[in-house]
Amino acid sequence: MYRVAICDDEEKQRELVKNILITLSIKTNIEFEIELFGSGEQLTAYYERQETPFHILLLDVEMGGINGIQTARRIRELNNLDEQIIFLTGYPEYMIESFDVMTFQYLIKPVAPSILEEKIIKLCQYFQALDKKFMVIKSAYDEIVIKYDDLISIEAAKSLTIKSKLHFTTVNQTYESKGTISDYALALKDHKFLQIHRSIIINLLHVRKFAKGVVLMSNGTELPIGRSKVKEVKDVYTKFMIMKVDGYDSN
């Protein structure tokens, strides 16, 4: 499922683009989760609250308040660099300026549905190629998309009410989900992750140092290393750092 934000100060335009996506979903079986924003301020406020990011931003350029390019610039300044941006506008003169915010496409209104569908399909193909860089977990009633590089650790959590409760700690916040450490250790073994304890998986990218049976992570947390895993953890991390320095890390 791909999360899409449609930001336009005209309700008619928002609904038009939304209906194009719904039609595309029916024709291709590509699932979209669509949210509508009536202004750039609404969309930037969403990101400032550190809500779940979108895969695709469909932005009008000329809007009351901050325009689409200013909106995109603010989102990029908040270090949201993975979103793919498509500008839908009646003003071609802004095209050069749009390049500053890493724009995927700049389309002039009125946009033929077939053209927008073509661009969205290409973006979905692009995201499929990046699947190895993201994971999706179920947290409460939501599906959360987490970038592997942003994930610091996964820890089994004791709970009297939830079986197999896990904490997913990212650079921004911690999410609760369900699952087993062993399953995630197997699924993530090729993505720079390592199980250091029967109840803990860490991201090697976020290791800062080892000290007396613990590992210090980038968020300042100290996590214990299982006694039987001390040598394995040090060996794997040493190999990881050597390959990183030598430029062999291709993930």
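## Ground rules

Because the model is predicted, local features need pLDDT of at least 70 and side-chain atom pairs count only at pLDDT 80 or more, while totals for chains, interfaces and linings use all residues. Residues are numbered from 1 along each chain as its sequence is written, and side-chain values use heavy atoms, with hydrogens and water left out.

## Helices α1 and α5

Let's start with helix α1 (residues 11-28) and helix α5 (residues 113-129), which pack at an angle of about 65° with their axes 10 Å apart. Helices here are DSSP runs of H or I with at least four residues, and strands are runs of E with at least two, numbered from the N terminus. Axes are lines fitted to C-alpha atoms, for helices over the stretch in contact, and angles run from 0 to 180 degrees between N-to-C directions.

On the α1 side, Val17, Ile20, Leu21, Thr23, Leu24, Lys27 and Thr28 meet Pro113, Leu116, Glu117, Ile120 and Ile121 of α5; contact means heavy atoms within 4.5 Å. By class, this contact has eight nonpolar, two polar and two charged residues. Nonpolar covers Ala, Val, Leu, Ile, Met, Phe, Trp, Tyr, Cys and Pro; charged covers Asp, Glu, Lys and Arg; the others, Gly among them, count as polar.

## Helix α3 and its ends

In helix α3 (residues 68-77), the buried residues are Gly68, Ile69, Thr71, Ala72, Ile75 and Arg76. Buried means under 20% relative accessible area, exposed over 50%, and partly exposed in between, with a 1.4 Å probe and protein chains only. Seen down the helix axis, the buried residues of α3 fall within an arc of 160°, so they line one face of the helix; the arc is that of the directions from the axis to the C-beta atoms. They pack against α2 (40-48), β3 (56-60), β4 (84-89) and α4 (95-98).

At the start of α3, a side-chain oxygen of asparagine 67 comes to within 3.0 Å of the backbone nitrogen of isoleucine 69. Asparagine 79 follows α3, in the loop between α3 and β4. Its phi is positive, near 70°, and asparagine 79 is exposed, with a relative accessible area of 59%.

## Other residues to look at

Lysine 192 also has phi near 70°, but lysine 192 is buried at 13% relative accessible area. Its place is in the loop between α6 (181-188) and β11 (193-197).

A cis peptide bond joins lysine 109 and proline 110, with omega about -5°.

Technical notes
A polar contact is a pair of N or O atoms within 3.5 Å; within protein, one must be able to donate a hydrogen and the other to accept it, and residues adjacent in sequence count only if both atoms are side-chain atoms.
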